[in-house]
Amino acid sequence: MFSLEQLVRPNIWKLAPYSSARDEYSGHEAHVFLDANENPYNAPYNRYPDPLQRELKSVLKKVKGVPEDMIFLGNGSDEAIDLAYRVFCNPGVDNVVAIAPSYGMYKVCADINDIEYRTVLLDEHYQFSADKLLAACDAHTKIIWLCSPNNPTGNSLDRDEMLKVVNQFQGIVIIDEAYIDFAQQLSMRQELPTHPNLIILQTMSKAWGSAAIRLGMAFASKDIIAIYNKVKYPYNVNQLTQQQALTALSDPFEVDKWVRILLDERTRLMQAFTELPIVQEVFPTDANFFLARMTDAQAIYDYLVNEGIIVRNRTRVQLCQNCLRITIGSLSENNELIGALRKY
């Protein structure tokens, strides 16, 4: 049986959270604020932001179809990633299991928190086996990390295998869906009501075109979200970020248009890559980027840098030897990239 109390670090379970001034009068109307030692001048930036981002969550509830008490907002997805270690993993004792290759911050946060990070290599199609992933777990495995669509490979993971992991693992399964808006596969958010051990990560940085505001989202059971809110810093999402997120969310049809354009450009750019003699293979993708195996990734990367064009060299990543990761840009940016490569 899944037991959240047994998974959470004992000191976190017993933690009495910091009570901010804005929490204490919640539910009441107020117009004179003399509680938080703020400067009364320079409105609206003189006031601390809502620590629980209630207005923003009320909008996200409609966009994402998830109740407000099942939403955590953080300073980028990286905050939600780091909090998972701080909430569930005892330093020097517990471990996590992840697919490889995948997003590098999972391991960085594990190292920062002194948590053993175990990896299971993907197969030649960049897919994983639930059985192999579960076999890498032991009594001290608290979290399994999955990223779908995966970074840097770009492909969606097999949904049945992901569900098998969620159903059989008694710890926390975190599925990072930063690129889900570009994929045909449906989000796993719909699985949350029946899987109390599941956490879904999403972001405003990709399809929503808002990387600069640093807003990440975690969707999970209200009990997990309550623990996240207990551990996070009181005012972790600033007012400017909340305001800009509300502006972006007010026009989701504009985002749909961006996604359609990027998907069309993705098809065009990948086709152009297949025709280049310096490209050995272009891998399938469900993201706003793709992975391409080159004849000499380092030399081609250096050439592009000299041309003022920056891509990501992933040749030192497991299973990505001689691979460049190409983000889909605007029409003119993509044309400039192809033009440069044709001259190489």
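The accessible surface of the protein chain amounts to about 16,700 Å², and carbon and sulfur atoms contribute 51% of that area (Shrake-Rupley method, 1.4 Å probe). The model is predicted: local features need pLDDT of at least 70 and side-chain atom pairs count only at pLDDT 80 or more, whereas totals for chains, interfaces and linings use all residues. Residues are numbered from 1 along each chain as its sequence is written, and side-chain values use heavy atoms, with hydrogens and water left out. Of the 344 residues of the protein chain, 51% are buried, that is, under 20% relative accessible area with a 1.4 Å probe, protein chains only.

The protein chain comprises 13 helices and 11 strands, defined as DSSP runs of at least four residues (H or I) and at least two residues (E) respectively, numbered from the N terminus. The radius of gyration is 22 Å, close to the 20 Å of the globule rule for 344 residues, so the chain is as compact as a globular protein of that length; the radius is taken over C-alpha atoms, and the rule is 2.2 Å times the number of residues to the power 0.38. Along the principal axes, the C-alpha atoms fill a box of roughly 65 × 50 × 30 Å.

An open, antiparallel sheet contains 4 strands in the order E8-E9-E11-E10, where pairing requires at least two DSSP bridges between two strands. Strands E8 (279-282) and E10 (312-313) stand at the edges with a single partner strand each, so one side of each lacks a neighbour in the sheet. E8 pairs with strand E9 (residues 289-294) in the antiparallel sense over 3 bridges, and Glu281 stands opposite Arg293 in E9.

How values were computed. Buried < 20%, exposed > 50% of the residue type's maximum accessible area, 1.4 Å probe, protein only.
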